[in-house]
Amino acid sequence: MLTKEDGTQFEAYELGLLVKETREDYKGEADHHEYFHFYIMGDFFTEDIKSHQPILNWTLIDLEIEQTDILNIQGADPYSDEIKEKQRKYLI
Amino acid sequence: MPTPNKVLSHVHYLVDPCIVTLSKFNWENNISIAANRLFDQFAIIDNPHILGPKQMVTYYVNGIHFKKQEDQLNHPYYIKINHDCFLQHGRNSYVKNELFYTLFKRATNERQTILVKTTDYDACKCVSQNIRLDNSNILS
């Protein structure tokens, strides 16, 4: 449950999670970055905006978060044992 | 899961709430999502298991290029498919930065892969003008 600015609560639905890999500066296994894209949908609009949007009155948020941020480790080797342990714990 | 330190970007897109509200208990199984290689476009497929008069197989395309300005939300492109068909996300190893979907026809057991091309992003006046469906690349 999330809360809007006017205090009303609503439910949010996660439609999917995709992983984006960037390898533009690829030199080795540790030289690419992974980004998590969360697609979250819900009734984020307030009532005055929804009165002008009769059909498409929900919004979907594309949240882009880097893997090192979501695992709360900054500047670490993504192939280290510590990261792999957290991946197994949180993501699998 | 720990709270992430920073969210790189978050963008709002308009969606139809019917894809969740009309199938309150099956929306996790009905909805699938895919993105192109650069993640500036994404596609949502809604394949309802129980089709009613308000529920149809739907394909949504939305992305950053559908936004005209920072404070304006544009309508997504979507198509509705007949009840005897269902959709699946597709991929192509040659054209990587485009969206594909495969149309399966239950009655004739045919399948058709369709490429969704979104060109002329800057001239974004109407969504239907920016997207053209190319039916020429039928795989089988």
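Trainee: How many residues of chain A are in contact with chain B, and how many of chain B with chain A?
Mentor: Good place to start, and keep in mind that this is a predicted model. Strand E3 (12–22), strand E4 (33–42), strand E5 (58–66) and helix H2 (67–70) of chain A each bring at least two residues to the side that touches chain B. Taking the two chains together, the contact joins 25 residues of chain A with 25 residues of chain B.

Trainee: Which element gives the largest share of the side of chain A that touches chain B?
Mentor: By class, that side of chain A has 15 nonpolar, 5 polar and 5 charged residues. The largest share amounts to 9 residues, and the element that supplies them is E5(A).

Trainee: In what order do the elements of chain A run from the N terminus on?
Mentor: Let's begin with the inventory: chain A has 3 helices and 5 strands. Reading from the N terminus, the order is β-β-β-β-α-β-α-α.

Trainee: What percentage of the residues of chain A count as buried?
Mentor: A residue counts as buried if 20 or more other C-beta atoms lie within 10 Å of its own. Over the 92 residues of chain A, the buried share is 14%.

Trainee: How far apart in space are Tyr35(A) and Thr22(A), C-alpha to C-alpha?
Mentor: Along the sequence, 13 residues separate Tyr35(A) and Thr22(A). In space, their C-alpha to C-alpha distance is 8.3 Å.

Trainee: Over to chain B: in what order do the 4 strands of the open sheet stand?
Mentor: The pairing in this sheet is antiparallel. Strand E2 (31–35) and strand E5 (77–81) of chain B each have a single partner strand, so they stand at the edges with one side left without a neighbour in the sheet. From one strand to the next the twist averages 15 degrees.

Trainee: How many bridges join E3(B) to E4(B)?
Mentor: We can walk across the sheet. E2(B) and E3(B) pair over 5 bridges, with Ile33(B) and Ile44(B) as bridge partners. Strand E4 (residues 57–63) of chain B is joined to E5(B) by 5 bridges, and there Tyr60(B) stands opposite Tyr78(B). Between E3(B) and E4(B), where Gln41(B) stands opposite Gly63(B), the number of bridges is 6.

Trainee: Why is E3(B) largely enclosed by the rest of the structure?
Mentor: In a regular strand the side chains alternate between the two faces of the sheet. Here both faces are covered, with Gln41(B), Ala43(B) and Ile45(B) buried on one side and Phe42(B), Ile44(B) and Asp46(B) buried on the other. E3(B) is largely enclosed because its buried residues number 6 of the 6.

Trainee: Which residues have the most contacts inside the largest nonpolar core?
Mentor: In soluble globular proteins, nonpolar side chains tend to be buried together. The core in question has 26 residues. Tyr101(B), leaving aside neighbours within four places in sequence, is in contact with residues including Ala43(B), Ile45(B), Tyr59(B), Leu87(B) and Ile114(B). The residues with the most contacts inside the core are Met41(A), Ala43(B), Ile44(B) and Tyr101(B).

Trainee: Which residue in the hairpin of E2(B) and E3(B) takes a positive phi near 60 degrees?
Mentor: Most residues other than glycine have a negative phi, and most peptide bonds are trans. This hairpin has 5 residues between its strands. The residue there with 19 C-beta neighbours inside 10 Å, and therefore partly exposed, is Phe39(B).

Trainee: Is Asn109(B) buried or exposed?
Mentor: Asn109(B) also has a positive phi, of about 60 degrees, although it is not a glycine. Its place is in the loop between strand E7 (99–105) and strand E8 (110–118) of chain B. With 7 C-beta neighbours inside 10 Å, Asn109(B) counts as exposed.

Trainee: What distance separates the C-alpha atoms of Lys117(B) and Phe100(B)?
Mentor: Lys117(B) is in strand E8 of chain B and counts as partly exposed, with 13 C-beta neighbours inside 10 Å. Lys117(B) and Phe100(B) are 17 residues apart along the chain. Their C-alpha atoms are separated by 8.9 Å.

Notes. Residues are numbered from 1 along each chain as its sequence is written. Chains are lettered from A and ligands numbered from 1 in the order in which they are written. This is a predicted model: local features need pLDDT of at least 70, side-chain atom pairs count only at pLDDT 80 or more; totals for chains, interfaces and linings use all residues. Two strands pair if DSSP finds at least two bridges between them. Axes are lines fitted to C-alpha atoms, for helices over the stretch in contact, and angles run from 0 to 180 degrees between N-to-C directions. Two residues are in contact if their C-beta atoms, placed from the backbone, lie within 7 Å. Ala, Val, Leu, Ile, Met, Phe, Trp, Tyr, Cys and Pro count as nonpolar, Asp, Glu, Lys and Arg as charged, and the others, Gly among them, as polar. A residue is buried if 20 or more other C-beta atoms lie within 10 Å of its own, exposed if 12 or fewer, and partly exposed in between; C-beta atoms are placed from the backbone. A nonpolar core is a set of buried Ala, Val, Leu, Ile, Met, Phe, Trp, Tyr and Cys residues joined through C-beta atoms within 7 Å.
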